[in-house]
Amino acid sequence: MRQPLSAGNWKMHGSQSSVKTLLAGIRAGLAEVRVAEVAVCPPFPYLGMVQRELSGTSVAWGAQNLSTETMGAFTGEVAASMLLDFGCKYVIVGHSERRTLYGEDDVVVARKFAVARAAGLIPILCIGETLEERERGITRDVVARQVDAIISLEGAVALADAVIAYEPVWAIGTGVTATPEQAQEVHAYIRKRVAEHDVDVADNLRILYGGSMKPDNAAELLAKRDIDGGLIGGASLKAEDFLAICRAANA
Ligand code: PEP
């Protein structure tokens, strides 16, 4: 039985005061979130505040990125050990914004994934096709390549306890959501691809949907058999909307 996960990706948003308000709002509504595990991924500077405000609650937290290196002269980078020092459970790797805006290719993403796991963090691996790739009919090839990059470095066992977020790039931050059927089709394919290597790992793998998930479309998406939660960007910045998405897994 896979427990759904609702993870908020705050991207580069927030201030000390807005983070405090958002966390207070999330804490206040947690009792009604009965099924999903809830996690938030703030920008690095707010991890300490998140740790203080959420310790002792059921909410987990994580970062949005990490270094491929473990320590040393790497100005501006943040190591996995530092994330652990702030109580992180999760770290997002391979978000499409990092792939496209910061040139992170499959090799870098696989290395970050491995470094996160080696440190004891749970990577949330983001994969997904662009609109152009979908229109060319190569969605499956793209997600297969992105998943295979992880499997070829460390084997399918690397995905045991990990999380994959299928995020069609054309749906991220655009207000256009994949239909539940479109998402389910790709989620099922991802699980099948992993099952070709290891059936147990595939069965237990949580595959989240990400891309304009909102209170009004979450329940339909989460009702699909292979959709095990959401990675939520814009809607995770408002406690009320984020909690409504978290509650959508109650049904
Ligand atoms: C994301 O950035 O991971 C994301 C899914 O964003 P949004 O929900 O805003 O589309």
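A: Helices are DSSP runs of H or I with at least four residues, strands are DSSP runs of E with at least two, and the numbering starts at the N terminus. The model is predicted: local features need pLDDT of at least 70, side-chain atom pairs need pLDDT 80 or more, and totals for chains, interfaces and linings use all residues. Residues count from 1 along each chain as its sequence is written, and side-chain values use heavy atoms, without hydrogens or water.

Start at the ligand. Lysine 11 puts a side-chain N or O atom 2.6 Å from an oxygen atom of the ligand. Histidine 95 also uses its side chain, with an N or O atom 2.8 Å from a ligand oxygen. Serine 212 uses its backbone instead: an N or O atom there is 2.7 Å from an oxygen atom of the ligand. The ligand taken alone exposes 290 Å², and the protein buries 97% of that. (Such areas come from the Shrake-Rupley method with a 1.4 Å probe; for residues, only the protein chains shown count as cover.)

Now look at lysine 11. Its place is the loop between strand E1 and helix H1 (16–29). Its phi is near 50 degrees, which is positive although lysine 11 is not a glycine. Is lysine 11 buried or exposed? Lysine 11 counts as buried, because its relative accessibility is 17%. (Buried is under 20% relative accessible area, exposed is over 50%, and partly exposed lies in between.)

Asparagine 9 sits in E1 (residues 5–9). It counts as buried because its relative accessible area is 5%. Which residue's side chain does the side chain of asparagine 9 meet in a polar contact? The partner is histidine 95, at 3.5 Å. (Touching, or contact, means heavy atoms within 4.5 Å.)

Next comes glycine 94, in the loop between E4 and H4. Glycine 94 is buried because its relative accessible area is 4%. Beyond four places in sequence, glycine 94 touches Arg99, Glu104, Val109 and Cys126. Glutamate 104 is ten residues along, yet the two C-alpha atoms are 7.1 Å apart.

Follow that list to arginine 99, which lies in H4. This residue is buried as well, because its relative accessible area is 14%. Its side chain joins that of aspartate 106 in a polar contact of 2.8 Å. Beyond four places in sequence, its contacts include Gly94, Glu104, Val109, Leu125, Ile127 and Gln146.

Aspartate 106 takes us into helix H5, which covers residues 106–119. H5 has 14 residues and reaches 20 Å between its end C-alpha atoms, close to the 20 Å expected. (The expected span is 1.5 Å times one less than the number of residues.) Its buried residues include Asp106, Val109, Lys112, Phe113 and Ala116. An α-helix has 3.6 residues a turn, so residues three or four places apart point the same way. What covers the buried residues of H5? The cover includes helix H3 (80–85), strand E4 (90–93), helix H4 (96–101), strand E5 (122–127) and helix H7 (139–154). Just after H5, glycine 120 takes a positive phi of about 100 degrees.

H7 is the last stop. Its 16 residues should span 22 Å, and its end C-alpha atoms are 24 Å apart, which agrees. Gln146, a contact of arginine 99, is among the buried residues of H7. Others there include Val142, Val143, Val147 and Ile150. The buried residues of H7 pack against H4, H5, E5, helix H6 (131–135), E6 and helix H8 (180–195). Glycine 155 follows H7, with a positive phi near 85 degrees. Further on, aspartate 161 lies in the loop between H7 and strand E6 (163–166). Its phi is positive too, near 70 degrees. Aspartate 161 counts as exposed because its relative accessible area is 68%.

Conventions:
A polar contact is a pair of N or O atoms within 3.5 Å; within protein, one must be able to donate a hydrogen and the other to accept it, and residues adjacent in sequence count only if both atoms are side-chain atoms. Buried means under 20% relative accessible area, exposed over 50%, partly exposed in between (1.4 Å probe, protein chains only).
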